[in-house]
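Hello,

Here is the structure we talked about. Please open it first and then read the notes under it.

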Amino acid sequence: MNAVWPIATVVVKELYRRKDFYVLFVLTALITLLMGSVTFFHDDRIARYLKELCLLLIWVSTLVIAITATARQLPAEREQRTILPLLAKPVSRGEVVVGKFLGCWLACGVALVVFYLFFGVVSATREHAWPLTNYFQALWLQWCMLAIVVAMSLAGSLVFAAPSSNATIVFLVASAILLVGRHLNTVALTLPEPAQTLVYALYFALPHLELFDLRDLLVHDWAPIAWWAWAAATLYALAYTWVFLLVAWLSFRRRPLV
Amino acid sequence: MPSPYLVLVFLLTVCVSLATWLQPHYLAWGGSRTGDGGLLATLLGESRRLFAAQFFFKADAYFHSGFYPTIFDNQIVEKELHMSEESEAARTPRPPEAEARTTQWSPGEDYGFLGSPKDWLDRFSRNFFPSRHTHLEQKSEAREILPWLRLSTWLDPHRVESYTVAAFWLRTRLGRPELAAQLLHEGWRANPDSYEILLALGRIDEENRHDPVRAHNLYALALRKWHRQQDGNAEPDLYTYRELLGHLVLVDEKQGDWAEAVQYLTLLKKISPNPAAIQRQIDEARAKLTPAPGPAPGPP
């Protein structure tokens, strides 16, 4: 696995040389600061609406960064034929998949830290508090969620023809899970058989990305979540990440390179 | 060939003449949006009312610290949102343990609209979002619902409830009755027939400015407007009617106008769920109305 780290560092360097992150960060900062400049009833301590908006922008931005950065990794290597000299070295296809995943995931982590630092500063200017445990839990779980999304995009880049279609499909699937994933069981119970069993099976099979969304708890200043729940969610993310990486590896293993 | 400057001046003259002729037509045209309420109305059209309603519900979600049903959850059919109820009725103190915040599920807990967990994943997922019913209790937290209510008034200036609820929170929790009065005056300009706004303005004069005369005038005007709009309705707004009569009785008592207080109490008795108590109040007021017999004049 010595080859994994050099591949991952190349991916991280590629991300910070591209403009995606900077553009999204500046947009997030601009919109948040613009909304922060609006005062309601001459009260400059109102914070929650601003926190909610900022976190929404962070979620959208990091999802876009993760999906677009990952979706083009393997197709670009094949298109530019750089995959051939890469695999001519003592590097297995599994190491390429893991290296690409690790690079994208680490790059997302760096982006997340910058975004949360900004969020923390904005929040502290209004609330004069640094709930570091809450921030850490929210950041970590969002990073875990991004691990699933990155692995899903990597698997998708070997299944779908073009990076654009892969990115669109993964973005739609992730958004759908985030919006309705939690409610699929409720919907299933209202359906007749066999649709009920099918939808319930889908509910259990889907990676529940909404589990990692602590935005409401953060916005409304709830207490940190229980550490056992945090650890269990981390394991849950790890399991789904490996499932998608396995799918990617199985798909990449016998695929012709050109 | 005439001079190009001359042509230019001629064209400019034609433009100004046309503009002066068209402007009154445009202003009189029914499709003109110049008087509809500015940029938001032009951009969003009628959909702004939907957004205003959405923001009003968002304020209620903030009032519950994020614990709020989605379209998939069991919708508890309530006539009033809790946030509005608090603004209208005297609040019943809740036991402090009911407000203790925890995101961790525990057996025997009140699940509210969520119902009991349907499966292990549902039970587990409740650790990651607000899953306990709480209300904003601290004064400093109450301000958090205000941006959504303000946005609601901007988007739909005819949504009276947004003004009255925002004014209640400004007046009672944040101790800013003057700002509340400003907001209500803005709402009154947009809704000149609203008796609810007049009632809220009257309460500021009565309870914060301690001006019972002005409060009485506002309540009396509100009562006239109430009768104009609600008389003949199959389901009149009796809640506000009761409130208005109750406050009129209070300010009459403060001013010592017992005769008028008896009149309002008589009206209140007809719709009160507890007419016996109102009758006792009427008797007390009548006793004050009749001058007590003075000491017998002594011999000169």
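This is a predicted model: local features need pLDDT of at least 70, side-chain atom pairs count only at pLDDT 80 or more; totals for chains, interfaces and linings use all residues.

Start with helix α8 of chain A, residues 163–180. At 1.5 Å a residue, its 18 residues should span 26 Å, and the end C-alpha atoms are 25 Å apart, which agrees. The buried residues in α8(A) are P163(A), N166(A), A167(A), V170(A), A174(A) and I177(A). Because they cover an arc of only 105° around the axis, they lie on the same side of α8(A). The spacing follows a general rule: an α-helix has 3.6 residues a turn, so residues three or four places apart point the same way. What do the buried residues of α8(A) pack against? Their partners are α3 (48–71), α4 (73–79) and α7 (132–159) of chain A. On the other side of α8(A), the exposed residues are L172(A), A176(A) and L179(A).

Next, the two chains: 26 residues of chain B are in contact with 26 residues of chain A. On the side of chain B that touches chain A, α6 (120–125) and α8 (146–155) of chain B each supply at least two residues. The largest share of that side, four residues, comes from α8(B). By type, the residues of that side divide into eleven nonpolar, eight polar and seven charged.

Last, chain B as a whole. Chain B has 15 helices and zero strands. Of its 300 residues, 32% are buried. Among contacts in chain B with a separation of 6 or more, 55% join residues 24 or more positions apart.

Regards

Technical notes: Residues are numbered from 1 along each chain as its sequence is written. Chains are lettered from A and ligands numbered from 1 in the order in which they are written. The expected span of a helix is 1.5 Å times one less than its number of residues. A residue is buried if 20 or more other C-beta atoms lie within 10 Å of its own, exposed if 12 or fewer, and partly exposed in between; C-beta atoms are placed from the backbone. The arc is that of the directions from the helix axis to the C-beta atoms. Two residues are in contact if their C-beta atoms, placed from the backbone, lie within 7 Å. Ala, Val, Leu, Ile, Met, Phe, Trp, Tyr, Cys and Pro count as nonpolar, Asp, Glu, Lys and Arg as charged, and the others, Gly among them, as polar.
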